[in-house]
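Q: I have a structure open and want to learn how to read it. Can we go through some features together?

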Amino acid sequence: MKYFSLSLFAVLVLTACTSLPLPSSSTPNVANVQAQSSLIRFVVPTGHGYPEGVAWHATKQAFVVSSLRHGTIGLVDLQGNYRVLSDDPSLISTSGVVVDVARGRILVTNSDVGVSHKSTELTKFRTAQVVELDMDSGQIRHIYDFAHLSQGATLSNDLTFDKAGNIYV
């Protein structure tokens, strides 16, 4: 079993969120977590590990974790419990991940740099996608494929979005 820590990322997220206005005391929020702990250890089950990207999912009070090696998307709660959110076969090597609460979606980059157990000669260095997942179920809503934009090796590694929901890769 492999053990991973979200310490530095958790500290950065928690520090950034402490400047936000706090909701009522009955509403859980990231800022309240800082007083409890800044280190979350978790174990990823075999076949789902090698975390690459991490994003905070405020609604679920958990981190969304991508997997370079297995193409899965998992959730790590504040107690360090890991569960798979999406293990869709079309996800080869997931890296960048963001949560768009306003639109109920998780956006993740999907590529193939040759390290995934799902890599094939047809997909290796020829896969460059943004995959839109339902925020609650993890089901794929849409795949935006960018591989055709390049005749050479290609990949999508990281992403963000603006207030209007436009995605930038």
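Q: Is F125 buried, partly exposed or exposed, and why?
A: This is a predicted model. Buried means under 20% relative accessible area, exposed means over 50%, and partly exposed lies in between. F125 has a relative accessible area of 34%, so F125 is partly exposed.

Q: Which phi does Q61 have?
A: Q61 has a positive phi too, about 50°, and Q61 is not a glycine. Look for Q61 in the loop between β3 (51–57) and β4 (62–67).

Q: Is Q61 buried or exposed, and why?
A: The cut-off for buried is under 20%. Q61 has 16% relative accessibility, so Q61 counts as buried.

Q: How do I read an aromatic pair, and how many does the structure hold?
A: Check the ring centres, then the angle between the planes. Planes over 60 degrees apart count as edge-to-face. The structure holds one aromatic pair. W56 and F63 form it, with 4.9 Å centre to centre and 65° between the planes, which is edge-to-face.

Q: Where is R69, and what lies by its side chain?
A: R69 is in the loop between β4 and β5 (73–77). A polar atom of the R69 side chain lies 2.3 Å from the backbone oxygen of V115. R69 is partly exposed, at 38% relative accessible area.

Q: How far is R69 from E52 in sequence and in space?
A: Count residues, then take the C-alpha distance. R69 and E52 are 17 residues apart in sequence, and their C-alpha atoms are 8.8 Å apart.

Q: What is the strand order in the open sheet of four strands?
A: The order is β7-β8-β9-β10, and the pairing is antiparallel. The edge strands, β7 (93–100) and β10 (140–145), each pair on one side only. Neighbouring strands of this sheet are turned by 20° against each other on average, direction ignored.

Q: How many bridges join β7 and β8?
A: Six bridges pair β7 with β8 (residues 105–111), in the antiparallel sense. To see the pairing, find S93, which stands opposite S111 in β8.

Terms used:
Residues are numbered from 1 along each chain as its sequence is written. This is a predicted model: local features need pLDDT of at least 70, side-chain atom pairs count only at pLDDT 80 or more; totals for chains, interfaces and linings use all residues. Side-chain values use heavy atoms; hydrogens and water are left out. Two strands pair if DSSP finds at least two bridges between them. Helices (H or I, at least four residues) and strands (E, at least two) are DSSP runs, numbered from the N terminus. Axes are lines fitted to C-alpha atoms, for helices over the stretch in contact, and angles run from 0 to 180 degrees between N-to-C directions. Rings of Phe, Tyr and Trp (its six-membered ring) pair if their centres lie within 6.5 Å; planes under 30 degrees apart count as stacked, over 60 as edge-to-face and the rest as tilted. Buried means under 20% relative accessible area, exposed over 50%, partly exposed in between (1.4 Å probe, protein chains only). A polar contact is a pair of N or O atoms within 3.5 Å; within protein, one must be able to donate a hydrogen and the other to accept it, and residues adjacent in sequence count only if both atoms are side-chain atoms.
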